[in-house]
Each structure stands twice: as C-alpha cells, then as structure tokens.
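Me: I am new to this structure. Please show it to me, and then let us read it feature by feature.

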Amino acid sequence: MTSTLEAALLGVLARGEHTGYSLARMMGRPVGYFWSAHHSQIYGALASLEDRALVRHTVIEGAGPRPTKRYAITAAGLDALREFVAGELVEPPTRDLETLKMWSMWTVDPGSARALVERAYARHASRLTAYETELAEVSADPDSRDRTHPLFASRLTLEGGVRSRRAAVDWCAWMLGELAVAEGAEAD
C-alpha cells in the first residue's frame, strides 16, 4: 500500500531523478498546487519507499556536511505508481477553512465580512494568475499534447486549477455583490 505522499513523490521521481532538497522544492511547486508536505514528511516517506525498493538512491557530491542522495524511481516504484493512479478514488475528508468562515460570516460586522471575501478573492485571483502563466508555458511545449509525456498530465491538471480558481474568483465577486446589496438594505 502506497500512501498519498509516497504516490506524490513517486509521481515526481517518474519524471526524473531528484535529491531530497529538489523533491521538497517540487512539492512546493508544482505539486503544492494540489498536494502539500513538509521536509520531515518527505524524508520519512523516501526512507519508507527505499525500504520497499520503490526508489533507490546514489550518493553525489553536495555542498553540505553530509553526502547528498539523488533518488530515482525503480521498476517496482513505477508499478506502485501505476497501481495508485488506476485505483479507486477515495472521498477525502473535507476541511475547507475558507468555506467554514464564509458559512459563519453573518456573525461579524459588514466590514469584516467584506474584508474576508476580499482576501479570499485576492488569494484566488493570485493563484489563478500563477496557474494561467504556468499553463501557457506548459501548453507552448509540443510534448504537452503527447499523452505519454509528463507535460500532458501537467497541462490537464493546470487546466483544472485554472477552471476551479476562475469559479472561486467568480464566487467571491458574486458574494461581494450580495454583501453590497445587503449593506444597502441595512442602510435603508
């Protein structure tokens, strides 16, 4: 059984070899768009993957006091990744802090409610811009149309990110309009 973090790491390593440090950076972007992990979790997962022969490492020259390990996926690791991808989707637990706050915004003054929605709008708009920029870069590469190339999957997931963030931006804009109408009604 492969954990979701392990599957994320295998997905990165299926695209090429990485050191623990570069894996951590990849987990920030692009993987961090849809899955996050801390450095300590990454190194623990790498050890587990290596114990099960799903990844291997070679020691390379590094700048630090300890040897640097470069990790690569093994054939067994690629099989485990394929099994994970083809397996059933499990409904993840829902933990959406933004929606939880929106659900109770009626308890705060109008200015605080508006500020909450404006912050959410700005965050979604910023992420939308980042997704659109990265999608344009990926889409410019002809390999992004080849279903067997990693850029194909990157293009599809970035498109999903663009669409979901556009919906979130639209939702926030709609809420701001609803708040303005409500504030106007309260003033009457």
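Me: Which residue stands opposite R56 in β3?

Reply: A72 stands opposite R56. A word on the source: this is a predicted model, where local features need pLDDT of at least 70, side-chain atom pairs count only at pLDDT 80 or more, and totals for chains, interfaces and linings use all residues. Residues are numbered from 1 along each chain as its sequence is written, and side-chain values use heavy atoms, with hydrogens and water left out.

Me: How many bridges join β2 to β3?

Reply: Strands of a sheet pair through backbone hydrogen bonds, either parallel or antiparallel. Here six bridges join β2 (residues 55-60) to β3, and the two run antiparallel. Strands are DSSP runs of E, at least two residues long; helices are runs of H or I, at least four; both are numbered from the N terminus. Two strands pair if DSSP finds at least two bridges between them. Within β3, Y71 stands opposite H57.

Me: What is the bridge partner of H18 in β3?

Reply: Y71 is the bridge partner of H18. The strands here are β1 (residues 18-19) and β3 (residues 68-73), paired in the antiparallel sense over two bridges.

Me: In what order do the three strands lie in the sheet?

Reply: The order is β1-β3-β2, in an open sheet with antiparallel pairing. β1 and β2 are the edge strands, as each pairs on one side only.

Me: Is W103 buried or exposed?

Reply: Buried means under 20% relative accessible area, exposed over 50%, and partly exposed in between (1.4 Å probe, protein chains only). W103 has a relative accessible area of 67%, so the residue is exposed. W103 sits in helix α5 (residues 97-103).

Me: How does G28 count by accessibility?

Reply: G28 counts as partly exposed, because its relative accessibility is 46%. G28 is found in helix α2 (residues 20-28).
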